[in-house]
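Here is a short briefing to read alongside the model. Take a look at the sequence and the fold, then walk through the points below.

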Amino acid sequence: MPDKEKKQGTSISRRSFLKGVGTGTVAATVAPSVLIGGEKAADAQEGDAVASATIQLNINGKPYQVEVEARTTLLTVLRDGIDTSGNNVDLTGAKLICDRGECGGCTVMVDGSLVYACMMLAMDAQDKQITTVEGLADGDDLHPVQEAFIQHDALMCGFCTPGFVVSSAALLSENTKPTLEEIKVGLSGNTCRCGTYPFIFDAVKAASKKM
Amino acid sequence: MASWGEASESRLIGKRIPRLSGRDKVTGKAKYTFDINRPGMLYGRILRSEIAHANVVGVDLSEAEALPGVKAVIQIVEVGNKIRYQGQEIAAVAAETDDIAKDAIRLIHVDLEELPHVVTEADAMAEDAPQIRDDWAGNQSNPNVREEGDLEGGFAQAAVEVEATYHAPVQTHVCLETHGNVAEWEDEQNLTVWASTQGVFGVRNDLAGSFNLPANQVRVITEHMGGGFGSKFGPGVEGRRVAELARITGRPVKLMLTRKAEHLVAGNRPSMTQHVRAGATGDGRLIAYDMKGHGTGGISSGAGFQAPYVYDVPNLRTERVNVAVNVGNQRAMRAPGHPQGAFAMDSLMDELAEKLGMNPLEFRRINDPSEVRQAQYTLGAQEIGWHRRNSVPGAGTGVKKRGMGVGSGQWGGGGGRGTQARVTINSDGTVEAVTGTQDIGTGIRTAIAIIVAEEFGLAPTDIMVTVGDSGPGLPSGGSGGSQTTASVAPVIKTAAAAAKQKLFERIAPQLNAPVGDLRVGNRTIYVVSDRTKTIKWELATGQLGMDSISEGGEWDEELRQGGVAGTQFAEVEVDTEIGEVRVIKIVAVQDCGLAINRLTTESQINGGVIMGLGQALLEERLMDALTGRMLNANLEDYKVPGTFEIPEIKSIVFDTHRKVTGIGEPPCIPTPGAIANAVYNAIGVRVRELPITPDKILTALAEKKA
Ligand code: FES
Ligand code: FES
């Protein structure tokens, strides 16, 4: 019954397709900075899906030289990246949860705007200031949002917490006295399965009093 | 006899104390399994079947093996074996990067001979359905029948009867940290695994068995864990295979499930369908209950549910079967069997009350044997303003109609033996508490610190707590059944008390007082008969020199108690034009025993309510009958509660005694029933199927009009 046989082989998921498309765009539009990578960047210009290049990312005020493929996301660099001297970037605060822009677990700030790091290509994050949850505190002094999250128990398992903390900090930087409705709108891009929302709302309100 | 003392004597226990892991969690420093980066670590991925039912004809790994960067490819399913659900494991790879692993997966070629599948219960129960289990006829297990009293006699006494069918679909756990592990072999004989698990010792023992190693040569570490809800006990196929990949490659390997796989194979709450006929006497006694129901736990069994639930019924007959479908298996999910059973029962109670012309709360009071819930009904009704509810359901005017409902729950959670713990006082005054439990987000780490700090007159932050590591060899059970705190707390308490006793024995001569007269105060030890005699904590411990005190603890039956009752009241607003239900407020009155930490206890109640709200209004695993695939295996189409869905939640920690019990699960039980009843009270038409989505509301309203 050959007609009943199905081959399950190569398949393209929506996201690998998107990232593939991204490849072409990146190679075409950001070629000058990609060229830092020399030879490898030349590969990228040809639009090869696995072309790689060395780029610089500014994360929490610190420069990182990392080799990336055109398809590499910013989140992959933060979590799994190894810099050119062989050190792990190891900024694992941003989490990989849905891998498609649905949960906010990977939220970071790029030039002050909230970004889902799983949906941004690393190459597109060059020449920008990237702030992750690790970069919010000022040395030992926590950001008021972080302090309030602890005091109000706005976390249980804590896996969603870095995303919520970054989103809350961004919300308060734009609106220092948000109403409950505004908090709900501001944090609507983040998901928590443990159900910490009521205490997150309390924490953001408390933090807003300290801003 | 050991006791937790009076509330008035407690400095810390029962207070609101921020959790110890807070700082690490808000700064991103907390390392979950998903975050572990080991030197030279490879990334693992699993190729899974997209076909729900098939014979495996061939698997070709060669192209994947040839891809640069790929370090190992292993076949999981044998040729000639069957695939029985979408997501079943076919092969696994380990590669230098996750992207290469992803590429490699695509280069594995699999020939499957597709077999007819059934993925919905209706299809599975149809007469000409393909048979997918050799051991079951008609894809159904043997019925489980229970009979009590005299059913027909009961119905003969009934003044009113209700006959209805209630349904709750499959719900998935949606742990935000997917299942997974990082495995690293130190040598041929020693394996370390970072595991996202609710049971470090269970995973250790399983892996030790799989690799034929003495248990103490496997170390399992779970410092932080991103949600389990009952689905993360064993290492699973992925855990055993990642250890195998690490062994073959000689390098650490990380393998975390994808979001899609998490929905497909990492467990789910079984569905429930029940057809009930029930009767009540004219004076409001539930008298007869006849239920025939089924549910599916996937290809396996385990689709039980509670029916009847919490209320007394003297005459009953229930009959239940498991239905097999070609879908990934169920696993325990927060209060297994309870929320769906409670939803059906509380809906039924309201339907009967209405036929009797009785206030549903009054009807519950007559039939609920729990004294605790009787008191909770009063408190909850006051708190929500029960008198404001529509006395005639659907009586409100306008497009948006409000209503109120009530629901109930019951759980065990009394803990048990099997935990070992050690409390150590060092000469520099530091204190360590070690046990092999794990913090799955409930805050057990902080609870342990509170108990020890209370015993020693210290602050919780003074206590260094180690949990989530099998290395110290102090076992504790898996975190399931809301048993963790009640299992661990007595052992920690007795260990701390024993260590304190040892310290007192060392210090007593110096204070020139009998050991029995020593007490702890705020960072001091003093003599109760002569309060001028005191010694600072650090000075006292300083006498220990190299001789630190380290004591184990014991299980103490007197320090814990099982059995928790809960009641919830919901107020909702239904938009009768678009069919949307908005929950305005939930009052959750939750029996908690002795809440060690009131703050994290409230968090647990909030979390349970919100998960229950998701079950009531949003969550449903959707299977496509034709292709056999899950349609919403992501976080966009499988909707869990987000900020907009969150009502005002009044979590009431209802203290009934001074013994520790567990409350991780019970607060999610009464919510769906309370919300469903509130919806009915708002619009006067009943939706008997979860989740209560706008289409169902609009259909019900249209049918009422017609
Ligand atoms: S992981 Fe990026 S939004 Fe979910
Ligand atoms: S705290 Fe666990 S997912 Fe939000």
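Two strands count as paired if DSSP finds at least two bridges between them. Helices (H or I, at least four residues) and strands (E, at least two) are DSSP runs, numbered from the N terminus. This is a predicted model, in which local features need pLDDT of at least 70 and side-chain atom pairs count only at pLDDT 80 or more, while totals for chains, interfaces and linings use all residues. Residues are numbered from 1 along each chain as its sequence is written, and chains are lettered from A and ligands numbered from 1 in the order in which they are written.

**A sheet in chain B**
- Four strands of chain B make an open sheet with mixed pairing, in the order β21-β20-β19-β25.
- β21 (463-466) and β25 (549-552) of chain B are at the edges with a single partner strand each, so one side of each has no neighbour in the sheet.
- Strand β19 (residues 421-425) of chain B pairs with β25(B) in the antiparallel sense over four bridges.
- Opposite I425(B) stands I549(B) in β25(B).

**Chain A at a glance**
- Chain A has eight helices and six strands.
- Their order from the N terminus is β-α-α-α-β-β-α-β-β-β-α-α-α-α.
- Of its 211 residues, 53% count as buried (20 or more other C-beta atoms within 10 Å of the residue's own, with C-beta atoms placed from the backbone).

**Where the chains meet**
- The contact (C-beta atoms, placed from the backbone, within 7 Å) takes 55 residues from chain B and 54 residues from chain A.
- On the chain B side, the largest share, seven residues, comes from α15(B).

How values were computed: A residue is buried if 20 or more other C-beta atoms lie within 10 Å of its own, exposed if 12 or fewer, and partly exposed in between; C-beta atoms are placed from the backbone. Two residues are in contact if their C-beta atoms, placed from the backbone, lie within 7 Å.
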